[in-house]
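Dear colleague,

I am handing over the structure below, and I would be glad if you could look through it alongside the notes that follow.

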Amino acid sequence: MSATQATKQVELENTNRWSTRQLVTMALMCAIAALFSFIQIPLLPAAPFLTYDPSLMPAMVCGFAFGPGAGFVVGSIAAVIHGLILGEWVGSLMNICATLFFVVPSALIYKKKHTLKGAILGLIVGVVCATAGAIVTNLTIGVAFWYGSADVIMPLLLPAVVPFNLIKTVLNSLLTLIVYKAISNLITPKKNQVKGR
């Protein structure tokens, strides 16, 4: 091969991590996640200020389809959009942390074990990590910018924060399994498609 041919081959090689189709899908999922973030459903009568939204589901779908990095990007961008619109940058930061704790470990496990069992295992780990992460973020970011003192949130951790995050992440996990099963072969690259998920 001549030097000119080698140069042309390098120039034509696609070095992007994500294909154009993947980027378009991720952009669509970002928009859906941002819209979903405005759905606010109280789950616990004792703590009506804790509201559920399904915005992490599109991020998890992208995480399963394209890898943990894609899922984290989608969830983080949606959180930033929500924060910019409402001016709630602290809530946006906490939602980015929630994406990190929930989506990334689940998608990592599913990437290693690309089966229905792998998806379920990943989601279970994500639920546990996200619930533990919610305690950490409330005691750090929450105390620093919202509560002012750990004494404010500590009495609410077990009766409110922990059960709320367990319910929230389980609901998002169930939605992910339903949606991803339905659309996986439409959005997942053919080489990564697995039949019978």
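This is a predicted model: local features need pLDDT of at least 70, side-chain atom pairs count only at pLDDT 80 or more; totals for chains, interfaces and linings use all residues.

Residues are numbered from 1 along each chain as its sequence is written, and side-chain values use heavy atoms, with hydrogens and water left out.

The axes of α3 (residues 56-66) and α5 come within 9 Å and cross at roughly 30°, the axes being lines fitted to C-alpha atoms over the stretch in contact, with angles from 0 to 180 degrees between N-to-C directions. The two helices are therefore roughly parallel (under 35 degrees; over 145 is roughly antiparallel, 65 to 115 roughly perpendicular and the rest oblique). On the α3 side the contact (heavy atoms within 4.5 Å) is made by L56, A59, M60, G63 and F64, and on the α5 side by A98, T99, F102, V103, S106, A107 and Y110.

Helix α5 (residues 89-112) also packs against α6 (residues 116-147), at an angle of about 155° and with the axes 7 Å apart, which makes the pair roughly antiparallel. The crossing of α5 with α6 is right-handed. Helices here are DSSP runs of H or I with at least four residues, and strands are E runs of at least two, numbered from the N terminus.

Technical notes. A crossing is left-handed if the near helix is turned anticlockwise from the far one by less than a right angle, and right-handed if clockwise.
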